[in-house]
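Have the sequence and the 3D view open as you read.

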Amino acid sequence: MPEVLFSRGTWMPAVVDDDGRLLLDVVGGADALHGPRTFTVPVTHEHAEVVRMSVRRHLLLYAALLPLCYDAGVAGPWDEEAAAALLDPVLLGTPQEVDETLRRARVDRRVLVAHHVSLQLLKSRRYYEAAQSATAESDWARVRKHLGV
């Protein structure tokens, strides 16, 4: 059974140790029985440390991983290769590399809004700077207000 080494709550990805292998455990969507569907991607100790130390980078990675989870749907395959390709640029890259990567990737902007990123900077796709104000706690009322629903 994997041991959770670090978590910021129920929904943001957690770092787990699965028999000596470090994994990022991502809850993204639901399975066929409407339970949470979980995906994993191997991470290094350096990746795990950045996830633990930086709410900003942790959130940006989560927002980039969620569309891959949605693509997998209730039973389809998870694109672990695409997920792994996001790790270094988002967690270890310069602010410019983070922005370049996220501009090319699909990003779940709703989760960024919910976690209090700057809406003005998000609109201009300045992800790294926008996430300076990010919090680990989400506010989905903020998303509904932003979307006008």
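Below we go through a helix, a loop residue and a pair of strands.

This is a predicted model, so local features need pLDDT of at least 70 and side-chain atom pairs count only at pLDDT 80 or more, while totals for chains, interfaces and linings use all residues. Residues are numbered from 1 along each chain as its sequence is written, and side-chain values use heavy atoms, with hydrogens and water left out.

**Helix α4**

Let's begin with α4, which spans residues 95-104. Helices here are DSSP runs (H or I, at least four residues) and strands are E runs of at least two, numbered from the N terminus. Which residues of α4 are buried? They are V98, D99, T101 and L102, where buried means under 20% relative accessible area, exposed means over 50% and partly exposed is in between (1.4 Å probe, protein chains only). These four cover an arc of only 165° around the axis, which puts them on the same side of α4; the arc is taken from the directions from the helix axis to the C-beta atoms. Q96 and R104, on the other side of α4, are exposed.

The buried residues of α4 pack against α2 (55-72), α3 (80-92) and α7 (127-130), with contact meaning heavy atoms within 4.5 Å. With α3, the packing angle is about 145° and the axes are 7 Å apart. Axes are lines fitted to C-alpha atoms, for helices over the stretch in contact, and angles run from 0 to 180 degrees between N-to-C directions. From α3 come L86, P89 and V90, which meet E97, V98, T101 and L102 of α4.

**D108, just along the chain**

D108 sits in the loop between α4 and α5 (109-114). D108 counts as buried because its relative accessibility is 6%. Leaving out residues up to four places away in sequence, D108 touches A63, L66, P67 and Y70. The D108 side chain also makes polar contacts, meaning N or O pairs within 3.5 Å; within protein, one atom must be able to donate a hydrogen and the other to accept it, and residues adjacent in sequence count only if both atoms are side-chain atoms.

| Side-chain pair | Polar contact |
|---|---|
| D108 and Y70 | 2.7 Å |
| D108 and R110 | 2.9 Å |

**Strands β3 and β4**

Six bridges join β3 (residues 21-30) to β4, and the two run antiparallel; strands pair if DSSP finds at least two bridges between them. L24 has V41 in β4 as its bridge partner. The two strands form a hairpin with five residues between them, and H34 in the turn has a positive phi of about 70°.

In β4 (residues 36-42), R37, F39 and V41 make up the covered face, while P36, T38, T40 and P42 make up the uncovered one. In a regular strand the side chains alternate between the two faces of the sheet.
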